[in-house]
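Open the model in your viewer and keep the selection tool at hand.

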Amino acid sequence: MDKLRIGTRGSPLALAQAEDVRDRLVAAHAHLTSELVEIVVIKTSGDRILDRHLMTAGGKGLFTKEIEDALLDGSIDCAVHSSKDMPTQLPEGLELSVFLEREDPRDAFISSKFSHFLDLPHGAVLGTASLRRRAQALRLRPDLKVVTFRGNVQTRLKKLQEGEADATFLAQAGLNRLKMAGAAAEKLSLEDFLPAPAQGAVTVEIRGEDAKMKSLLAPLHSSETALAVIAERALLAGLDGSCRTPIAAHATRQGNSIMMQAMLLSVDGGVVFEAGGSASATLEDARNLGATVGEKIRKDAGQQFFADLAAQVEAEFQ
């Protein structure tokens, strides 16, 4: 039997996620063994660019393009991604086949000096490459100095240890998957720090016509996660969301409904637009919910806000 090839980035977190998908596939299918599932590491443009902010280099697609190229040319059979890294528009012929059960979607506050985000002293240095985290932090603490932190989880923790900042934020989901949950000084509340759309959810991308791969992956699928992530990605698409736009969103299934909260912020967190809503728990209704909430926020913000936001980002990160 030919090996099943899973494509992934090479960071410890990406590998942990790919290994989890491999193990779930082996557990779900008696004819599969670990030896028959190969993990193929693919270096992406986003992994190579470490000397500047990704906004100046192309944005989210930098973490997926080379992997998707390998999927399209048949070098791999599927690709494992963090859902929040995925652009809202996929290359023709590819689709997100399954979403694994979502991990903790919250942000974690990381610091060896302080136990809580609000304990940071006046003018403390916060390291993050996320416009959303930057904006949400400055919304609550406009006195902080924010510097750009790039790299994988281990790299950012090392920068913190070397004194480049007093604190940083990481996704709690990533820490959990790396068995490093204890690194979090504080798990930030969803009320104060709404997460990035699709944060904490792992997805598997395949060629749309690959019925065999789709069937193999089906037992791994969480319909509850899919409903939430589809709603959040629809919001992102409606707001033309990218790493240049501070957008936060979180959707959950409650009984037969999907509930969503979302937020659009200025770079300094001084201007915030919030909206929420509910819809029936179907894929189409979840998608419509995200689009509707996004449309409301876009209308409330107005064209001038987006023009000002683009100018702010250009001035800050040129």
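In the residue classes used here, Ala, Val, Leu, Ile, Met, Phe, Trp, Tyr, Cys and Pro count as nonpolar, Asp, Glu, Lys and Arg as charged, and the others, Gly among them, as polar. The model is predicted.

**Stop 1: the second largest pocket**

Select L96, F99, I230, R233 and R287, which lie nearest the centre of the second largest pocket. The pocket has a volume of about 300 Å³, and 14 residues line it. Sorted by class, the lining holds eight nonpolar, four polar and two charged residues. Now colour β4 (94-99), α8 and α9: each of these elements supplies at least two residues of the lining. Which element gives the most to the lining? That is α8, with five residues.

**Stop 2: helices α8 and α9**

Next, select residues 223-238 for helix α8 and residues 283-317 for helix α9. Two packed helices are described by the angle between their axes and the distance between the axes. Here the axes come within 7 Å and cross at roughly 35°, and the crossing is right-handed.

To see the contact, show side chains on both helices. On α8, pick L227, I230, A231, A234, L235 and G238. They meet L283, A286, R287, G290, A291, V293, G294, I297 and R298 on α9. By class, the residues of this contact are 10 nonpolar, three polar and two charged. I230 and R287 belong to this contact and were also among the residues nearest the pocket centre.

**Stop 3: an aromatic pair**

A search of the whole structure gives seven aromatic pairs. For one of them, select F117 and F169: the pair is tilted, with 5.7 Å centre to centre and 50° between the planes.

Note on methods:
Residues numbered from 1 in each chain as written. Predicted model: local features only at pLDDT ≥ 70, side-chain atom pairs only at ≥ 80, totals over all residues. Heavy atoms only, no water. Axes fitted to C-alpha atoms, helices over the stretch in contact; angles between N-to-C directions. Helix = DSSP H or I, 4+ residues; strand = E, 2+ residues; numbered from the N terminus. Left-handed = near helix turned anticlockwise from the far one by under 90°. Contact = heavy atoms within 4.5 Å. 1 Å grid on protein atoms, 1.4 Å probe; cavity = no way out; pocket = protein on both sides within 12 Å on 5 of 7 lines; lining within 4 Å. Points joined across faces, edges and corners; volume = space filled by probe spheres on them. Phe/Tyr/Trp six-rings, centres within 6.5 Å; stacked < 30°, edge-to-face > 60°.
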